Amino acid sequence: MWWSYRSRDDVAAGGWYDLDLRRWILRGVTMADWGDVEIAPAEIPGNLDRITAAAAEILADGSLPVVVGGDHAITFPVLRAFADRGPVHVVQLDTHQDFVDERQGTRFGHGNVMRRVSELPFVAGISQLGLRALQKYAEPLEAAAAYGVRAVSATELRRGGPDAAAAVVPPGAACYLSIDIDVLDIATAPGTGTPEPGGLTYAELRDAVRAIASRCRVIGLDLVEVSPPYDWAEVTSRTAARLLLSALAAIAERREPFPSAS
Ligand SMILES: [Mn+2]
């Protein structure tokens, strides 16, 4: 999916009146569905390359990539498309750190993704918010700490609210936002592969995203790990869709240009 600030005659952009905010959101903002990236189940490097190429096309168009998954592994290949666009700070909302280097021969799965992201030379830092999973091994914890991850637990985020989210995001920086739906409580987002109790409410997550979007300059985002076959009554899908609209509205209100390729 891509989204453009530029007005386009062929796409209606009337926006929505948000009864909670008491104002119009996303008026004049156009969006378009870029389609799906074709995935071959047994061809991991090729899949990653196709995802990077698709994200690069969206960036070359001058639009904001909004990538919906699916497996959290996609964050790494999407970020590779930003290689020539200056330093990027990554903000991850997730139950898990996803910092495992290798497990059973896998280095590019959804549990490895932030480790691989940390190795990208243009990634200036990583903030992880909403953490609360149980973890068996110390090595990923130590690697994340050694890298200098700015971590905010689920409890810290709940108690500190949007200010706790904003505090770990560098002001004015170009940020890539990665939202793993399992940061929400298991009751709010049951349709995901590794749900956990003790997570955020929808409103807590939305307010954190708004705080992040007003603190830094979001240049791309993904929302991942929504799994419709595991869902009930479209609870997770509807929550994810509404969250994306709220996130895009907050990003649009900053109205700063995207970084161009150097
Ligand atoms: Mn994740």
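How are helix 6 and helix 7 oriented relative to each other? In this predicted model, the axes of helix 6 (residues 202–215) and helix 7 come within 9 Å and cross at roughly 25 degrees. Angles under 35 degrees count as roughly parallel, and helix 6 and helix 7 are therefore roughly parallel to each other. As for handedness, the crossing of helix 6 and helix 7 is right-handed. On the helix 6 side, the contact is made by Tyr202, Leu205, Arg206, Val209, Arg210, Ala213 and Ser214. Helix 7 brings in Thr239, Leu243, Ser246, Ala247, Ala250 and Ile251.

Next comes strand 5, made up of residues 64–68. Four of its five residues are buried, so strand 5 is largely enclosed by the rest of the structure. Strand 5 has strand 10 (residues 217–224) as a partner: the two run parallel and are joined by three bridges. Within this pairing, Val66 sits opposite Leu221 of strand 10. As a rule, side chains in a regular strand alternate between the two faces of the sheet.

A few spots in the backbone are worth a look. Most residues other than glycine have a negative phi, and most peptide bonds are trans. Against that background, the peptide bond from Gly69 to Gly70 stands out, being cis with omega near 15 degrees. Gly70 belongs to the loop that links strand 5 to helix 2 (75–80).

Then there is phi. Arg22 is not a glycine, yet its phi is positive, at about 60 degrees. Arg22 is found in the loop between strand 2 (16–18) and strand 3 (23–25). Is Arg22 buried or exposed? A residue is exposed if 12 or fewer other C-beta atoms lie within 10 Å of its own; Arg22 has 7 such neighbours inside 10 Å, so Arg22 counts as exposed.

With 12 other C-beta atoms within 10 Å, Glu234 is exposed.

Methods:
Residues are numbered from 1 along each chain as its sequence is written. This is a predicted model: local features need pLDDT of at least 70, side-chain atom pairs count only at pLDDT 80 or more; totals for chains, interfaces and linings use all residues. A residue is buried if 20 or more other C-beta atoms lie within 10 Å of its own, exposed if 12 or fewer, and partly exposed in between; C-beta atoms are placed from the backbone. Two strands pair if DSSP finds at least two bridges between them. Axes are lines fitted to C-alpha atoms, for helices over the stretch in contact, and angles run from 0 to 180 degrees between N-to-C directions. Angles under 35 degrees count as roughly parallel, over 145 as roughly antiparallel, 65 to 115 as roughly perpendicular and the rest as oblique. A crossing is left-handed if the near helix is turned anticlockwise from the far one by less than a right angle, and right-handed if clockwise. Two residues are in contact if their C-beta atoms, placed from the backbone, lie within 7 Å.
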